[in-house]
Amino acid sequence: MEIKIPPNKNCVIRITYETSKCATALQWLLPEQTFGKIHPYLFSQNQPAHARSMLPCQDTPSIKSTYSAKITVPKPLMALMSAVPTETVDCGDKRQFLFQQTVPVQSYLIAIAVGNLVSKTLSPVSKVWCEPELIDKAAYEFEQTPELLKAAEKVCGPYVWKIYDILVMPPSFPFGGMENPCLTFVTPTLIAGDRSLVNVVAHEIAHSWTGNLVTNCNFEHFWLNEGFTVYVERRINGLLKNESSREFAALEGLEDLRQAVDVLGSENPLTKLVVDLTGIDPDDAFSTCPYEKGHTFLFWLEKLFGADKFNLFFKSYVDKFKYKSISTNDFKSYLLSYFQDDDKSLQIDWDLWLDTPGMPPIIPHYDTSLQDACVALLERWTKWDESGEEPFNKSDLIEFETNQTVQFLALLLKVDNMTLSKIKAMQKAYNFNGSRNCEILLRWLRTCIKVKWLEQLEWVFTFINHSGRMKYVRPIYRDLYAWQEVRVQAIENFEKNKTSMMYVCRHTVAKDLHLRD
Ligand code: BES
Ligand code: ZN
């Protein structure tokens with residue numbers, strides 16, 4: 001749609017519109033798709049380019065504006081938005097919720113959720129929201145939010161969004177988290193019971209600066225959003241725990257990056273830090289590359305200039321570009337001018353970092369103290385000749401943090417000569433089937449598929465049918481597709497379940513399964 005504005009005049013444009021039933025940003029859930037199973041639910045996911053399906057807007061991250069909204073919903077439903085709630089008005093069997101976002105935001109940050117929602121207060125500025133069935137567990141899982149927020153301010157500067165709430169979404173939410181301002185959306189798969197996945201909350205908090213204040217001007221520069229945010233996420237980890245924990249998270253990320261580069265191919269232009277999206281839907285280009293290659297670059301720069309200097313530069317970069325949308329060149333020019341008297345900047349090969357496909361050109365040396373134990377346990381398994389009594393049991397993992405178990409499984413997935421009988425012995429020793437941590441389940445079930453353990457298929461389908469998080473669903477469907485004997489079963493399972501999947505998950509899985517959407 002094109003609106004011609006008379007030259008040299010200020011004008012107000014009013015548009016009356018209605019969204020179509022199949023707006024790609026929106027998922028309308030039936031009661032049975034929620035935890036409570038009594039009330040319907042609605043949520044939006046506008047990033048990268050779905051805001052246009054929900055409301056008329058200039059749907060590009062290079063334009064920002066404030067917004068306000070008045071949302072009317074039937075009782076007892078509750079409406080939330082990526083803004084500050086200002087008023088609730090009772091209207092008989094309905095209620096009206098008013099919102100105001102006074103910080104200018106790009107269209108993909110406009111978000112709405114409506115459902116049977118309750119909250120618990122975590123601090124004067126933070127609440128956690130979800131369906132009543134989950135609230136106690138959710139409040140426990142995310143109790144550290146106020147500390148994470150404080151740590152993030154130390155890295156990035158003052159928090160400008162007034163409130164920071166978390167909304168735990170229904171299972172079909174396609175991402176781990178989405179940084180909607182004032183109200184992060186998170187997948188319920190984060191509720192592992194042991195707070196082992198709060199790095200996702202740290203990540204979404206970090207976007208309050210990198211992404212939401214300093215914004216990529218388009219999705220070719222997506223690494224400015226995500227690489228920077230992973231960098232801040234791990235700085236927060238360093239402040240709350242310690243440097244080895246931070247660097248161990250980087251090693252885990254590097255393993256994910258190797259996987260992604262493997263799947264895409266090391267010559268694939270989409271593995272560059274800055275990509276060319278001409279003719280490519282940003283939903284289809286999504287991968288871990290901008291996240292982890294971006295993080296690697298920033299970590300390397302930190303080591304190059306030294307943490308003290310780089311940390312100051314980082315804060316000043318956020319301050320310089322807050323409320324703006326920028327390209328990689330803006331970052332590069334600012335860094336070069338900031339460090340103009342420092343010869344170290346001559347060591348940066350920009351083309352190699354930004355414009356070359358494959359793994360990062362240099363991989364910094366990370367502290368391996370937490371990784372070593374994972375490697376050692378894996379070696380015991382690979383060297384075991386399967387004779388005699390099994391030398392493994394649950395106590396092998398007793399000293400491990402949850403993320404070390406995740407990394408043990410990530411490294412296991414790379415081993416090519418694992419036998420089915422060893423993997424069965426591993427289930428007996430460690431009972432990974434019984435884990436409540438989805439990062440563990442993902443890697444474990446992929447290993448089971450790799451060794452073609454047929455009886456595990458039931459667990460595999462349960463796993464992918466109960467969560468719509470693409471990080472889990474897509475690799476499993478791809479693995480099943482590659483396993484000739486079960487391909488048909490996988491496609492049948494997809495066809496049966498696709499109506500309950502959100503648009504973007506259905507669309508990308510259909511592609512992974514080589515089906516027409
Ligand atoms: N902004 C992203 C999610 C996203 C990206 C949605 C692109 C649509 C298009 C969010 O901040 C994110 O990166 N989530 C990750 C968290 C992880 C890296 C800690 C996720 O969903 O797994
Ligand atoms: Zn992110």
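Modeller: Start with exposure: a residue is buried under 20% relative accessible area, exposed over 50%, and partly exposed in between, using a 1.4 Å probe and protein chains only. This is a predicted model, where local features need pLDDT of at least 70 and side-chain atom pairs count only at pLDDT 80 or more, while totals for chains, interfaces and linings use all residues. Residues are numbered from 1 along each chain as its sequence is written, chains are lettered from A and ligands numbered from 1 in the order in which they are written, and side-chain values use heavy atoms, leaving out hydrogens and water.

A salt bridge needs a side-chain nitrogen of Lys or Arg within 4 Å of a carboxyl oxygen of Asp or Glu. The whole structure holds 27 of them.

Take K309 and D342. Their closest N and O atoms are 3.8 Å apart. K309 sits in helix α9 (residues 307-321), and D342 in the loop between α10 (328-338) and α11, so the bridge links parts of the chain 33 residues apart. Helices (H or I, at least four residues) and strands (E, at least two) are DSSP runs, numbered from the N terminus. K309 is partly exposed at 46%. D342 is buried at 14%. Salt bridges with shared partners also join E243, R246, E302 and K303 into one network.

Next, K75 and D90. Their side chains meet at 3.0 Å, N to O. K75 lies in the loop between β3 (64-74) and β4 (78-81), and D90 in strand β5 (residues 84-91), so the pair ties together parts 15 residues apart in sequence. K75 is partly exposed at 37%, whereas D90 is exposed at 54%.

Then K272 and D355. Their closest N and O atoms are 3.4 Å apart. This pair spans 83 residues: K272 is in the loop between α6 (243-264) and α7 (282-285), and D355 is in helix α11 (residues 350-355). K272 is partly exposed at 21%, and D355 is partly exposed at 44%.

Now the core. A nonpolar core is a set of buried Ala, Val, Leu, Ile, Met, Phe, Trp, Tyr and Cys residues joined through side-chain atoms within 4.5 Å. In soluble globular proteins, nonpolar side chains tend to be buried together. The largest core has 166 residues, and F408 is among those touching the most other members. Contact means heavy atoms within 4.5 Å. Leaving out residues up to four places away in sequence, the contacts of F408 include W381, F400 and Y430. A second, separate core of nine residues includes L251 and F299.
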